[in-house]
Number of protein chains: 2
Amino acid sequence: MLKLSKKADYGLMALQHIASNQYGDVARARVVNTKEIAEEYHIPVELLAKVLQTMARSGLIDSHNGPKGGYLLGKNPREITIAQVLESLEGPLGLMDCSHEKESDTCMQREHCNIRTPLLKIQSSIYQLLNSMTLQDMMGGTPLITIQSVATEQQGVER
Amino acid sequence: MLKLSKKADYGLMALQHIASNQYGDVARARVVNTKEIAEEYHIPVELLAKVLQTMARSGLIDSHNGPKGGYLLGKNPREITIAQVLESLEGPLGLMDCSHEKESDTCMQREHCNIRTPLLKIQSSIYQLLNSMTLQDMMGGTPLITIQSVATEQQGVER
DNA sequence: TTTTGTACGACTCATTCGATCGGAGATCAT
DNA sequence: ATGATCTCCGATCGAATGAGTCGTACAAAA
């Protein structure tokens, strides 16, 4: 469950690869093209191209046309979060259909729905999680995230 | 992104409904059948039946045949976690295909894959999150979960 | 101007998910 | 005890989402 799409996988791989060729120093920046990434990770070129275009449109990377063209990171790796990447490629985070809806709600269960509120809490927590991890964090091998829960704290559990 | 299936939605709603009719007291337990839930939440009966069957097989609920039959909670609401429900209906948690694989790995990217490790960390955190929230928590309206991240702590971020 | 490589849109195919149908088993009423 | 009714249960069908492909247009370096 909760498997993310191939686009997201490819996008993250590509970003990691592009970032690896810049080292945070613009002077050493090396432009990397679609074909190079596709061959490195055995990804269908056309599909990867589509992914890169989408991310370019979102400002995550900068595209450069023509021979010797390719892609460069559009932001500092510390400012690119996993959440941004996934949102760019898969749309906004939403565990259910009625996550962030306007008035046009077609959900027939809304009136008696009893799970919306708790699921929204979980969704919010997941978003914080994804938004707290950056591309920079993905490159180092350091532990990144701690999670703490108070939901299961004991308060006189009789069984 | 990360939208969970209708089965999961229906399953959680049904569980909440079943639990509401038991109040943790077996003496007051009221058997509730598929049709009742389906009408209450406007869910296709046959599909809901399938969902309930699956959860019964997992031990989350107990099924009772014959007239006046139906379903009852199989465990204490405090011992039923969201993770268990979702795993029962949608299979094990896995952000990518190579999440928990044996030797038969067909992923062509594995050799040069640079995102597997960090994604496994995120996956683990999500699992803790889903496993820390119980059906009992879903019924009360109290705040349940806090999350703390150390990944984005400032250490001289220049921009 | 020619060549090379990216950007972009439309299209096809496969897989998963939602939804449906008919049969088997169990319990209550007679 | 026996029938009738109601439920659970497995197998099947159709629809929608996503993965992957093809062809054209555009931009920059030689």
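A residue counts as near a molecule or strand if one of its heavy atoms lies within 4 Å of it. This is a predicted model: local features need pLDDT of at least 70, side-chain atom pairs count only at pLDDT 80 or more, and totals for chains, interfaces and linings use all residues. Side-chain values use heavy atoms, without hydrogens and water. Of the DNA strand D atoms within 4 Å of the protein, 71% belong to sugar or phosphate, and the rest belong to bases.

**Surface near DNA strand D**
- DNA strand D is surrounded by 20 residues, the closest being Ser5(A), Lys6(A), Gln53(B), Asn65(B) and Tyr71(B).
- By class, six are nonpolar, ten polar and four charged; Tyr counts as nonpolar, Lys as charged and Gly as polar.
- H1(A) (6-20), H3(A) (45-57), H3(B) (45-57) and S2(B) each supply at least two residues.
- H1(A) gives the most, with three residues.
- Helices (H or I, at least four residues) and strands (E, at least two) are DSSP runs, numbered from the N terminus.

- A polar contact is a pair of N or O atoms within 3.5 Å.
- Lys6(A) places a backbone N or O atom 2.6 Å from a phosphate oxygen.
- Tyr10(A) has a side-chain N or O atom 3.4 Å from a phosphate oxygen.
- Asn65(B) has a polar side-chain atom 2.8 Å from a sugar or linking oxygen.

**The hairpin in chain B**
- S1(B) (61-64) and S2(B) (70-73) pair in the antiparallel sense over four bridges; pairing requires at least two DSSP bridges.
- Ser63(B) has Tyr71(B) as its bridge partner in S2(B).
- Five residues lie between the strands, and Gly66(B) takes a positive phi near 80°.

Conventions:
Residues numbered from 1 in each chain as written. Chains lettered and ligands numbered in written order. Polar contact = N/O pair within 3.5 Å; in protein donor to acceptor, adjacent residues only side chain to side chain.
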